[in-house]
Amino acid sequence: MSINIGGVDAAIVVAYMLAVLAFGVWLGRGRQSAARYFLGDRSLPWGALLLSIVATETSTVTFLSLPGLAAAAGGDLTFLQITIGYIVGRTGVIFVLLPLYFRGKPFTAYEVLEKRFGMTSRRLVSSLFLLTRNASDALRLFLTALVLQIVLGLDLSLSVVAIGVVTILYTFIGGAKSVIWNDCIQFIIYMLGAAAAAYIIVGNAPGGLEQILKFANDGDKLRVFDFDFSLTKPGMTFWAGLAGGAFLTAATHGTDQMMVQRYLSARNQRDASLALGISGFIVLLQFAVFLLIGVGLAALFGITDAGSAVDVKNDQLFAYFIVNYMPVGLLGITLAAVFAAAMSTLSSSLNSSAAAFVNDLYLPLKGPETADVATLRTGRIATVVFGLVQIGIALAFGMLASSESIVANVLKISGFAAGPVLGLYFLGVFAPRVQQRAALAGFVVGVGVLSCIAYMTSLHWAWYALFGALFTMAAGSIAHLPERDNVEK
């Protein structure tokens, strides 16, 4: 699929990117401080944090690929089951982990680990966050640049640099405040793009909405629940969605600095709880919209077990529809929505990476007496450095012929590392006698065992976080036994 869009739509895309940059510069006006740069002075309203949480976890891959799950032959709405686990997991984070983050005034999620276990735990997990976050988000930058290359006809390297530089600039200037308020705008943009696409699908489908519903019912595409107990079934099941999704969201939203940074930017724990709790229901509605768009696409293009009217891969079907069916002007807005989904994630990645580096690695070495001006300067430098690292990794992906397999491996690594980190936090909360050495031993075992499971079995990815957390907790508890015996002797 390769097209060059018209001048009007191209101008809309470029204007959107420049507007995002200008908005970020405007938000960054005035005197900055480290607290303002990393956490927006801990004064941001819960509504803004709510939209920022949802926008940050919605990448270009989500926006473009999720409709393909429902559109595929045999596809349906069962992926929606994972959002049940998302809601359960966020509720657990509110009651178990959020109180830890509001004891004192920490800047990162990993300061909690230092208080419970020691500095080594804090540095290890923060370093792991920096490695996996920047590798996986470099991939997202690469995939978004591919879209820009296709629709504007730009060189891939230029596309990577253009998106990366715009994101670096508004994050560098405005900090957390710019990132979070831009996320709100970007959420509105990409949801308007999705709504416009749904309207046009209904308008173009023969027989309109009535025929789409008939097609969906005949093909069982509106099925939501699958109560199969299999751990290896390729599709989503209720149990994988409930248990696996709960542990997955507890890991991503309870221990990942990119999300925890939003809670720490709230005025108080109540506001953070509201933003996190409601976000699960917003994600459920958002996923429902994307999946129903996929059902409409299946009806529009006649996708059945016998084939399809178009020769396009399922995860590219929505992109195909956008560039071939959207009218002038609306096409530009919808493409801007694609970049909005990407830039919300990338900007959050840069700001949270800078916060983790400065507060978990730099300041502990420099000492608490480090001036605020020096801390702010280091944070801004770190923002640029991490942005350049992501651009560099994305460019490297583009030069490797086997980039698709590398991409899959990077996503696996970043995905299954979250479970053992969650297990480390659970050891800190539920096993008060376990000390740092045993906890870190459990963490290493958890990562090792889960690595073997991921690459040697067909366990569905939704279970990774649950198994990683459980193996880490079990291994940490067992490693604690010799420590206890030594103490008793």
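Reply: The structure holds 14 salt bridges, a salt bridge being a side-chain nitrogen of Lys or Arg within 4 Å of a carboxyl oxygen of Asp or Glu. This is a predicted model, in which local features need pLDDT of at least 70 and side-chain atom pairs count only at pLDDT 80 or more, while totals for chains, interfaces and linings use all residues. Residues are numbered from 1 along each chain as its sequence is written, and side-chain values use heavy atoms, without hydrogens and water.

Me: Which residue meets Arg90 in a salt bridge, and where do the two lie in the chain?

Reply: Side chains of opposite charge can pair when their charged atoms come close. Here the partner of Arg90 is Glu57, at 3.0 Å from N to O. Arg90 lies in helix H5 (residues 82-96) and Glu57 in the loop between helix H3 (46-56) and helix H4 (60-71), 33 residues apart; helices are DSSP runs (H or I, at least four residues) numbered from the N terminus.

Me: Is Arg90 buried or exposed?

Reply: Buried means under 20% relative accessible area, exposed over 50%, and partly exposed in between (1.4 Å probe, protein chains only). Arg90 is buried at 1%, whereas Glu57 is partly exposed at 24%.

Me: Which residue forms a salt bridge with Asp76?

Reply: Arg223 does, with the closest N and O atoms 3.0 Å apart. The pair links distant parts of the chain, 147 residues apart. Asp76 is buried at 8%, and Arg223 is partly exposed at 31%.

Me: Which residues are linked in a network of salt bridges?

Reply: Glu111, Glu114, Arg122 and Asp360 form such a network.
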